[in-house]
Amino acid sequence: MGFENWLRPGERGSDVEFLFVGPNSPNPDMRVYPRDTNNFGPAIGFSYSIPWLGRDRTVFRGGYQLSYLGGGRAAEISSIIQNAPGSAVQGRFEGLGGGQHFNMQDVVNGVGVPADPTFLPVLPVPVTDRGVDLEVYAPNFATPYIQNLTAALTHTFNSTLTLDVRYIGTLSRKMLTSFNLNVPNIHQNGLFEAFEAARRGGESALLDDLFHGINMKANVFAADAIVGQNGLTGAELLRTDSRFNTNLARGAYVPIADMLNTLNYNNAYNRDLPPIPTGTQGGVLRYSGFPENYIMTSPQFDDAELRTNMGYRNYHSLQTQLTVRPIWGIQNTFSYTWSKDLGNTSNTYTVPWERWRDYRLGTYSRAHSFRSFGTFSLPIGPNQLLLGNSSGLLARVAEGWQVSWIYNASSGRPLQVASLRGGWYSNNYPVLVDGANFDASAGQVNWPGGDDFGTYFSGYERQPDPQCLNPSVVAPSLQGLCDLNALYDGSGNLVFRTPLPGEFGNFRDQVFAPGRWDLDMALSKRIQVTEGISMEVRVDATNVFNHPHPQNPNLSIQSGDDFGLIDGKSGVDVEFSEYGRVFKARVRVDW
């Protein structure tokens, strides 16, 4: 999808309008969305018995399938169609005038029904509004599809042992995403450079023009703040006005631009300026002659979400499975999976016009997974290893016991070290100053003295970020408001810092959460009471070892618990929970 004409202040088409379309509407020949009749989902597969390594012992299989996600497009766009701004208008009837008694029977007779609407539906949203949220779908909105690729090699060693090695790939295309067209523009209109100059104590002609001649004092008790008088500049206004200076000190320029987009001057303090009517926003920009779309692409609205198909994912995995069929009473399956899930299906982007930068590991990606499940028939009872010569009641009690188990283990999902803000729009990835001072793979769960609180990383402390103390980056008058933090190791070495505005973080998807494992087991026995009646006695044990699952550690370099602290665990003495050790006994009778 092209955005060639996006983020061009001063260049814009006509205002957004809303139309009723379809049968019995003023536009009967227009459709809500074009017909989509080209969705074709083929599937093909093959199987080949390799003649080597024994006749019919080794089989190679492969396949490809293209499938479309169910639900069609209507499920995704129906709420957008139903909730377009102005498409639903409330009517209100407050009874007859003159204090007359109103009888509900009058409603049946049509009094006050239908109520007069407060305004006509589907009126244009004025460009001075800037408070209405808009959600639309792209004109080429399509049904997402998935391509599945498989290749498998199966070798049968004998009647009891089989090995499978498989490749499974899943390529997801045209995944549904929402994209905010109204991200505040600071990089194509000079605002970024102006904010940078103001932050370091310099001046900006652009900011002077933006505020020139406007009294920007915040309240009646404040002194006049007119840019161009008494030596006050636009940059100094940002440095001294509490509405702006905290974000300016932090280097958080997007919130400042967002505020400027709707900023009005106070009519009471600017009698010589055109009065700003009630319900109007953006008066400062408008009076100073800046284009309506100087900051927001679609200035009629606040958020302008575009529902589209920009998401995509690539999943690749190697799966191995060893199957042991019943032998000596044992039946078991062992499987191991290595996988990697990469994609870009987020609704927020580091740089909205360079969305490829956010192609990354999936939030719940697991690199390694091991599973085992099986049963073991205990060799006890007649003709077995133990009590093989038993009979009668003893034999009935001893025979038929079976142990079963399910074991799951997986590596942790990716976690992100986070700073207070990023260098661009979204995703607060910090800057790793020196890789020698931080080993991302060294995370290890420790529970000092059996405490409820543990550690994954330790020995680090937060201190003010160096940029907050550098007068060439942050003006001395702003340094007290710059509350950014950085992370230092126990030797005082700088490890992580907050990115400078316009700088990319360089540390992402390198720390992984603690792995998890569980073992569930069961002991069961089937008793044949009579020819037609049998009974099963079974005891299930969930989380046999009462193994705790640590919470994810705090990896913020800005705030919260100590860096690397695990603030809790689950799975210990938690009765009837999905994590705690639980025993359940049951008896079942079949007839």
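Reader: Is Leu-7 buried or exposed?
Author: This is a predicted model, so the answer is a computed value. Leu-7 is found in the segment before β1 (43-50), and its phi is positive, about 60°, although it is not a glycine. Buried means under 20% relative accessible area. Because Leu-7 has a relative accessibility of 9%, it counts as buried.

Reader: Asn-383 has a positive phi too, although it is not a glycine. Is Asn-383 buried or exposed?
Author: Asn-383 has a phi of about 65° and is found in the loop between β9 (368-377) and α9 (392-398). The cut-off for exposed is over 50% relative accessible area. Asn-383 has 71% relative accessibility, so it counts as exposed.

Reader: Which residues have the most contacts inside the largest nonpolar core?
Author: That core has 50 residues. Helices that give two or more residues to this core are α3 (191-199), α4 (205-211), α5 (234-240), α6 (245-250), α7 (253-262) and α8 (283-287). The residues with the most contacts inside the core are Ile-186, Phe-195, Phe-211 and Leu-260.

Reader: Which residues does Phe-211 touch, not counting those up to four places away in sequence?
Author: Phe-211 is one of the residues with the most contacts inside the largest core. With residues up to four places away in sequence set aside, its contacts are Met-216, Val-227, Gly-234, Leu-237, Leu-238, Leu-260, Leu-263, Val-284 and Ser-288.

Reader: How many residues of α3 are buried?
Author: The buried residues of α3 are Leu-191, Phe-192, Ala-194, Phe-195, Ala-197, Ala-198 and Arg-199. They pack against α4, α5, α6 and α7. The helix α3 is therefore largely enclosed by the rest of the structure, and the number of its 9 residues that are buried is 7.

Reader: Which residue with a positive phi follows α3?
Author: The helix α3 covers residues 191-199. After α3 comes a residue with a phi near 95°, and this is Gly-201.

Reader: Which elements give two or more residues to the nonpolar patch on the surface?
Author: The patch is formed by Leu-153, Phe-157, Leu-163, Val-165, Leu-318, Tyr-336 and Trp-338, with about 550 Å² of accessible area together. Val-165 lies in strand β5, and because its relative accessible area is 32%, it is partly exposed. The elements that give two or more residues to the patch are β4 (145-158), β5 (161-180) and β7 (330-344).

Reader: Which residue in β10 stands opposite Gly-374?
Author: Strands of a sheet pair through backbone hydrogen bonds, either parallel or antiparallel. Here β7 and β9 pair in the antiparallel sense over 9 bridges, and Asn-332 stands opposite Gly-374 in β9. The strands β9 and β10 (residues 401-410) are also antiparallel and are joined by 9 bridges. In β10, the residue opposite Gly-374 is Trp-405.

Reader: What is the bridge partner of Glu-461 in β15?
Author: The strands β14 and β15 (residues 485-489) run antiparallel and are joined by 5 bridges. Within β15, the partner of Glu-461 is Tyr-488.

Reader: How far apart in space are Asn-485 and Ile-557?
Author: Asn-485 is found in strand β15 and is buried, because its relative accessible area is 17%. Its contacts, not counting residues up to four places away in sequence, include Arg-462, Thr-498 and Ile-557. Asn-485 and Ile-557 are 72 residues apart in sequence, and from C-alpha to C-alpha the separation in space is 6.4 Å.

Reader: How far apart in space are Lys-525 and Trp-401?
Author: Lys-525 is in strand β18 (residues 516-528), and because its relative accessibility is 4%, it counts as buried. Leaving aside neighbours within four places in sequence, its contacts include Arg-396, Trp-401 and Glu-536. Lys-525 and Trp-401 are 124 residues apart in sequence, yet from C-alpha to C-alpha the separation in space is 4.5 Å.

Terms used. Residues are numbered from 1 along each chain as its sequence is written. This is a predicted model: local features need pLDDT of at least 70, side-chain atom pairs count only at pLDDT 80 or more; totals for chains, interfaces and linings use all residues. Side-chain values use heavy atoms; hydrogens and water are left out. A nonpolar core is a set of buried Ala, Val, Leu, Ile, Met, Phe, Trp, Tyr and Cys residues joined through side-chain atoms within 4.5 Å. Buried means under 20% relative accessible area, exposed over 50%, partly exposed in between (1.4 Å probe, protein chains only). Helices (H or I, at least four residues) and strands (E, at least two) are DSSP runs, numbered from the N terminus. Contact means heavy atoms within 4.5 Å. Two strands pair if DSSP finds at least two bridges between them. Patches are made of residues with over 30% relative accessible area and no salt bridge: like charges are joined within 9 Å, nonpolar side chains (Val, Leu, Ile, Met, Phe, Trp, Tyr) within 5 Å. Accessible areas come from the Shrake-Rupley method with a 1.4 Å probe; for residues, only the protein chains shown count as cover. A salt bridge is a side-chain nitrogen of Lys or Arg within 4 Å of a carboxyl oxygen of Asp or Glu.
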